[in-house]
Amino acid sequence: MLRGGNGKGRTRAAEINLTPDLTIPKVFVQSAHRYGDRKVAMREKEYGIWRPITWADYFERVKAIALGLVALGLERGDKVALIGDNRPEGLWAEMAALCAGGVAVWIYQEALIDEVQYIVDHSDAKFLIGEGQEEVDKALAIKDRCPKLQCVIWDDPKGMRHYDDPILERLDRVMEYGRAVDQRDPHRFDELVKGGNGDDIALLFYTSGTTSAPKGALLTHSNMLRMGQNLMRVDPSYEDDDFVSFLPFAWIGEQMMSVSCGIQAGFTLNFPEEPETAMENLREIGPQVMFSSSRLYEQLVRGLQVKYADSTFLKRKLYEWGMNVGYALADAKFEKRAVSLPVKVQGYLANALVHRALRDHLGLSRIRNAYTGGSAIGPDHFRFFHAIGVNLKQIYGQTEIAGISVLHRSDDIKLDTVGKPIPETEIKIADDGEILSRSPSVFKGYYKNDAATEKALRDGWLHSGDNGFIDGDGHLVFFDRSQDIMILNDGRKFSPVFAESRMKFSPYIKDAWIIGHQKPYVAAVVCIDYGVTGRWAEARGIAYTSYQELSQEPRVLELVQHAVERVNKTLPPPARVKRFVNLFKEFDADDNELTRTRKLRRNFLEERYKDIVNGLYSDAKQVHMDTQITYEDGRVAKIKADLKIMDVATSQ
Amino acid sequence: MPELDDGVQLKVESIDMFFGGVAALKGVSFQVRKGEIFSIIGPNGAGKTVMLNCISGLYHPQRGKILFEGKDITSLRPYQRARLGLSRTFQKIELFRGMTVLDNIRLGRHMRMRAGLLSGGIYIGKVAREEIENREFIEREIIDLLEIAHIRNQVVGMLPYGLQKRVELARALAVQPKMLLLDEPMAGLNLEEVEDMARFILDVNEDKRWQVTCVLVEHDMGLVMDISNRVAVLNFGEKIADGTPDSVQRDEHVVRAYLGEKEDLYVTRR
């Protein structure tokens with residue numbers, strides 16, 4: 001299309017011949033030697049300034065940490081658990097663990113103590129590398145229940161004055177040990193790296209099950225490298241690209257970009273100052289490549305919608321015109337239709353006047369490829385990004401296949417598909433509709449869980465548990481997890497995920513949970529967006545003191561009602577929502593309502609909110625709720641609330 | 001009463017403070033030692049904030065003496081006291097609401113800058129270096145410590161109350177004080193913000209790079225008893241007790257002054 005930044009004239013690292021003995025550390029060492037101190041490997045915004053770290057620095061630190069870990073007793077195959085926000089030290093530690101022959105086990109930063117304990121214990125981790133006081137507190141709380149844990153490493157000294165537990169070790173001390181080893185034995189590091197093999201386990205990922213306890217997926221070095229290479233065969237990355245690392249390292253998508261693609265393509269990783277500043281920092285960097293969950297894209301759209309509503313008349317009109325032109329062009333692109341000259345001219349104008357400003361505002365002015373994965377993104381959001389000229393593409397894949405098996409091609413994007421398999425990857429549909437895939441990146445199995453491994457891996461095919469089909473153009477269409485297709489009492493089928501994603505296009509709705517399996521009609525539980533709805537209420541002089549109060553405010557209920565009515569008009573009749581309630585809180589992973597990748601855990605929700613569900617399928621006008629919630633520090637509190645049940649028109 | 005002269009940083013001697021016929025403080029004396037967290041507590045209207053205002057120089061007591069590091073500061077003006085190393089926050093936020101967080105902090109830093117109007121206008125050599133050093137100080141020692149990086153460029157008036165309180169502390173720290181006077185730093189904060197603020201006060205007090213003596217006026221008894229080294233209790237303008245949190249909680253005058261609120265004294269947040 002007409003938008004710039006397509007990567008022409010950039011330098012691309014030569015494709016590596018991935019022989020079976022190659023490991024992530026070997027490729028890392030090659031890249032570090034190639035770029036040395038001539039190229040910036042990563043940047044971190046610290047104390048208000050972007051501070052560069054060259055490949056030579058990166059290499060030196062990884063080497064010191066790796067040898068330090070060995071000095072502390074790390075042996076080949078030992079597990080190293082890692083936890084913390086995205087920051088250079090986290091990646092150095094991971095790379096160091098891999099160089100020393102260890103297996104990296106990332107834990108979500110916000111994981112509660114019990115989750116941390118489960119993963120550290122189940123993975124047999126010998127080391128736990130955290131960031132600062134928060135992680136150290138978690139580690140000290142679990143160490144007695146995790147007898148295999150030998151050493152806890154931290155690096156941020158804030159608040160660490162009074163900690164003297166012998167299990168603790170400071171990262172710069174570890175690096176000193178490592179440098180001492182290097183002085184005595186300068187070849188030690190090279191030998192460690194050389195000792196690795198492509199078939200060794202590199203990463204152990206605990207997948208957040210929507211239904212069960214986490215399972216640990218074992219991925220080898222070559223799984224990861226081949227996946228990155230195959231992804232970049234479709235969408236090349238360049239040495240002077242920038243990537244912003246702000247999604248959890250415990251998510252496969254972040255490992256895909258920061259580790260596998262990062263060391264092969266040699267692009268620069270950028271770490272935000274604080275998690276709260278990620279969006280601001282994203283805009284400062286303006287990355288060429290981005291991979292994120294649908295959640296982030298939804299959030300970006302919501303932010304723009306709010307700004308639009310607050311804007312002046314003229315600007316609103318300009319925006320509306322620009323978006324209409326953008327949508328027309330985007331639809332033409334999806335349908336591969338040529339557009340007439342007048343539309344084209346309007347497109348140039350709209351780009352200059354509206355789309356470019358919007359892209360810049362989102363930090364996407366240089367974006368070449370924006371990927372979304374994890375959970376399904378709604379068609380409205382998807383169209384929105386194409387309308388403003390952002391090349392958003394679906395990625396489909398599981399942790400068990402190193403994160404990616406299917407991808408949209410830039411010139412072949414369809415709204416309702418997830419694209420075509422990447423090179424060296426086969427997709428087929430089983431007789432019962434299950435999606436099966438096979439590639440060099442299929443994992444080795446679940447750690448200490450043979451039953452689950454046998455279920456997932458049969459004759460070399462990965463059984464995804466997802467349903468789907470392949471359409472006439474060879475694109476994969478997938479319905480979310482098999483259990484997520486619902487059937488009404490009268491036998492009509494509908495997709496709750498689809499309806500939910502449509503509802504989330506309203507800026508006032510942050511989350512929606514659709515119910516209706518084996519029920520007479522569809523009902524919904526809505527979580528309003530506190531920030532956006534709050535501002536809406538303030539502008540109208542509606543007083544409220546809490547989320548709970550705002551959610552039950554009659555005018556807010558009406559607002560949501562209108563939003564749901566609008567969504568109903570776009571849904572097939574069986575999927576239309578007949579009744580809904582506004583929940584008194586947002587869904588939260590700490591309450592087990594969502595997985596850490598923010599998918600709804602439906603079975604759990606149904607059990608927890610069964611009073612609400614019963615209310616929605618009765619004649620009641622309101623439902624009384626009595627429940628407990630978990631604060632971030634693990635405390636629990638009781639909540640009592642009366643929720644009004646709202647009816648919605650379902651006919652056209 | 002043991003002799004505390006050793007290591008005493010602030011000495012308050014028989015302060016009387018009247019507003020017309022009302023005696024707000026009657027013969028109050030106490031001593032604050034270097035490096036401690038010293039809290040002044042008491043029921044409403046006991047004269048706690050008046051005491052703090054006398055120390056910072058906002059009020060001038062009719063009688064009595066205040067010595068800071070051995071120097072009589074009773075007749076000094078607030079800015080002169082600030083130059084000596086006394087800095088404060090206010091119960092009701094007194095920030096420049098139309099300025100950004102960073103500008104508010106820089107303003108607190110102004111006193112430590114030496115460049116004049118002319119050299120600042122030319123801005124070369126020493127002046128530029130000074131600017132960079134101060135920027136570094138603000139970023140490293142204050143913004144990072146108080147976790148306000150995400151709001152550094154936002155206008156103060158737009159921020160939630162809890163964050164504004166934090167900016168108040170940031171500005172007070174920019175003076176690089178030897179002693180920090182905190183007037184109800186926890187008032188109006190929610191539980192999480194209280195815990196954060198307590199952590200920041202402890203950081204400022206204990207961290208090697210700061211080690212600032214803190215004088216705290218606070219209503220939150222749980223917090224006071226948790227973090228203070230010593231506590232002085234005022235009641236109707238008179239000091240009725242001082243000592244360690246334990247001894248103060250057992251003091252019968254204190255219990256009587258708080259009669260009916262006795263439980264409050266023992267409440268800790270946990």
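Author: Start with the word domain. Domain bounds come from an automatic or database domain assignment. The C-alpha centres of domain 1 of chain A and domain 2 of chain A lie 34 Å apart. Keep in mind that this is a predicted model.

Reader: What makes up each domain of chain A?

Author: The assignment gives domain 1 as 24-196 + 248-264. Domain 2 is 292-442 + 458-482, and domain 3 is 485-647.

Reader: Which residues of H2(A) and H3(A) meet?

Author: From H2(A), they include Val62(A), Ile65(A), Ala66(A) and Leu69(A). On the H3(A) side, Trp92(A), Ala93(A) and Ala96(A) are among them. Ala96(A) touches Val62(A), Ile65(A), Ala66(A) and Leu69(A), leaving aside residues up to four places away in sequence.

Reader: What makes a group of residues a nonpolar core?

Author: The members are buried residues of kinds such as Ala, Val and Leu, joined through C-beta atoms within 7 Å. The largest core here has 185 residues. Ala66(A) and Ala96(A) are among those that touch the most other members. Helix H2 of chain A gives the largest share of this core, 10 residues.

Reader: Which residues does the second, separate core include?

Author: That core has 66 residues, including Val12(B), Leu95(B), Val167(B) and Val254(B).

Notes. Residues numbered from 1 in each chain as written. Chains lettered and ligands numbered in written order. Predicted model: local features only at pLDDT ≥ 70, side-chain atom pairs only at ≥ 80, totals over all residues. Buried ≥ 20, exposed ≤ 12 C-beta atoms within 10 Å, placed from the backbone. Helix = DSSP H or I, 4+ residues; strand = E, 2+ residues; numbered from the N terminus. Contact = placed C-beta atoms within 7 Å.
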